[in-house]
Amino acid sequence: MMGSWSQNPSISLVKSMSCGLPPAISAVGGNPDVLGPELAGEPLNWVAVAVVLGAVALAGYAYIGYPCLLKLVSVLHPGRRPPNAPTSWPAVSITIPAYNEAATIAATLRRTLEIDYPAERRQIVVVSDASTDDTDSIVQGFADQGVELLRVPVRRGKTAAENAALPLLRGEIIVNTDASIHVHPDALRPLIAAFTDPTVGVASGRDVSVTGRGDQSNQGESGYVEYEMWLRELETRVDGIVGASGCFYAIRADLHQVHVPDGLSRDFAAALVARERGYRTASVPQAICFVRRTASVQNEFRRKVRTMTHGMQTLVYKRHLLNPARFGLFAWMLFSHKVCRWLAPWAGLAAVAALGVLSLTAPWARWLLGGVAVIGIAAAAGWTWPVGRVAPRLLAIPAYLVSGNVAALFASIRAVRGVRHATWEPTRRDAVPGRHVESAR
């Protein structure tokens, strides 16, 4: 094959892939030495080029190609009518797992009691995961308003706390939320209305990343959340999302009773269980919950490692859902949305190593490797930026993107090793400013 390459370079494989590649690569057909004096005759170097191109293709597919295909399929797929309000609102049980949330739980409960939903059709249960601060006594102060407290005597983690609450829940629909987020007062009715569609087993709210006035910490998080919500809307049009928002989602009671092991992610598993039972999971844009940005990239990194580890282990537990022969479009969406993203950082590491090999002979590889180094330096500077001070966007965004991919690497290793984060440490967030609620009305 290499002989035919040297005799007739005009039919080279690289020429067929020249669109969008560096000039040094697209010009190979006319001058092989442009890639470096040794590249045209070294099979190892061509393997390195293939690794770089493969990594770019994988990341491009995961974040750009997959949404584009979803958009195309959604155009061809028959649309669904928006759900109507039910003639009679079903009974709901709202569960709030909490661990040492004394600083925020009172405000969370006041806001939950203000949610627009018939009080006689609503149950509120706070599950204290062996809290050691004043969380329990604060919750007990709301008992006369119908708030119930379940204390788990031994700390075992969020999913275990939710599992412990199962016998207490009386609602036809179970609503799961967090102690540190702010559900919009008008969010619950549209979330519950989604169940008037008999194909819906889980309904997921729309996360809105917010920050205090003048606070620009962790700037990359807001853009990523908006991208993720947009992607979920596309998935809902096609077939249904592959994982619910842990901050605010609802599920039919019979599906919620399905056992989920303590060390796994219940919000991710909810969508998988629903699909197993023939239901789909819908994203509900009108069901808004406000999530305060984490205070630093480091905190967000720890959160991502924990959630991705749980997510990977949950998908291994439900891996049969990746079978396209049984689950069709959903299997493709699950693989594209989750697996491809988790593989992309490993492909990126392989690409950096391949560029290192290519840089020995090819100037263009040295330029690309230099660009990677610049991004890495910017990310490191953003990572070490003092908490409380606004980092420039040129540092904050690379720090968020790079730390997210590194978190996926750490999570992959932990998942393979079987490390469990059962006793979760909730992400501590400041109170959500009230002005965001008013602006969303």
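Modeller: Two residues are in contact when heavy atoms of theirs lie within 4.5 Å. With that rule, one can read how parts of this structure meet; the model is a predicted one.

Biologist: How many helices and strands does the chain have?

Modeller: The chain contains 16 helices and 8 strands. Of its 441 residues, 53% are buried. Taking contacts between residues at least 6 apart in sequence, 79% of them join residues at least 24 apart.

Biologist: At what angle do helix α14 and helix α15 pack?

Modeller: The angle between α14 (residues 363-383) and α15 (residues 393-417) is about 100 degrees, and their axes are 7 Å apart. Angles from 65 to 115 degrees count as roughly perpendicular, so α14 is roughly perpendicular to α15.

Biologist: Which residues of α14 and α15 meet?

Modeller: On the α14 side they are Ile375, Ala378, Ala379, Ala381, Gly382 and Trp383, and these meet Leu394, Leu395, Pro398, Ala399, Val402 and Ser403 of α15. By class, this contact comprises 10 nonpolar residues, 2 polar ones and no charged ones. As a general idea, an α-helix has 3.6 residues a turn, so residues three or four places apart point the same way.

Biologist: Is valine 402 buried, partly exposed or exposed?

Modeller: Valine 402, in helix α15, has a relative accessible area of 31% and is therefore partly exposed. Not counting residues up to four places away in sequence, valine 402 touches Ile375 and Ala379. The C-alpha atom of valine 402 is separated by 9.2 Å from that of proline 345, which is 57 residues apart from it along the chain.

Biologist: Is serine 412 buried or exposed?

Modeller: Serine 412, which also lies in helix α15, is buried, because its relative accessible area is 12% and buried means under 20%. With neighbours within four places in sequence left aside, serine 412 is in contact with Met312, Trp342 and Trp346.

Biologist: How many residues of helix α5 are buried?

Modeller: In α5 (residues 105-113), 7 of the 9 residues are buried, and the helix is mostly covered. The buried residues are Ile105, Ala106, Thr108, Leu109, Arg111, Thr112 and Leu113. They pack against β1 (92-98), β2 (122-129), α6 (135-140), β3 (147-152) and β5 (182-183).

Biologist: Why is helix α11 described as largely enclosed by the rest of the structure?

Modeller: The reason is that 10 of the 11 residues of α11 (residues 266-276) are buried. Among them are Arg266, Asp267, Phe268 and Arg275. Just after α11, glycine 278 takes a positive phi of about 90 degrees.

Biologist: How much space lies in the second largest pocket?

Modeller: The general idea is that rolling a probe the size of a water molecule over the atoms shows where empty space is left. Here, the second largest pocket holds about 490 Å³ of space. It is lined by 22 residues, of which Arg80, Pro82, Pro83, Thr236 and Ser283 are the closest to its centre.

Biologist: Which element gives the most to the lining of the second largest pocket?

Modeller: That element is β8, with 6 residues. At least two lining residues come from each of α8 (188-193), α9 (220-238) and β8 (280-292). By class, the lining has 10 nonpolar, 6 polar and 6 charged residues.

Terms used. Residues are numbered from 1 along each chain as its sequence is written. This is a predicted model: local features need pLDDT of at least 70, side-chain atom pairs count only at pLDDT 80 or more; totals for chains, interfaces and linings use all residues. Side-chain values use heavy atoms; hydrogens and water are left out. On a 1 Å grid over the protein atoms alone, a cavity is a set of points where a 1.4 Å probe fits but cannot get out, and a pocket is an open set with protein on both sides within 12 Å along at least five of seven lines; lining residues have an atom within 4 Å of a point. Grid points are joined across faces, edges and corners, and a volume is the space filled by probe spheres set on the points. Helices (H or I, at least four residues) and strands (E, at least two) are DSSP runs, numbered from the N terminus. Ala, Val, Leu, Ile, Met, Phe, Trp, Tyr, Cys and Pro count as nonpolar, Asp, Glu, Lys and Arg as charged, and the others, Gly among them, as polar. Axes are lines fitted to C-alpha atoms, for helices over the stretch in contact, and angles run from 0 to 180 degrees between N-to-C directions. Angles under 35 degrees count as roughly parallel, over 145 as roughly antiparallel, 65 to 115 as roughly perpendicular and the rest as oblique. Buried means under 20% relative accessible area, exposed over 50%, partly exposed in between (1.4 Å probe, protein chains only).
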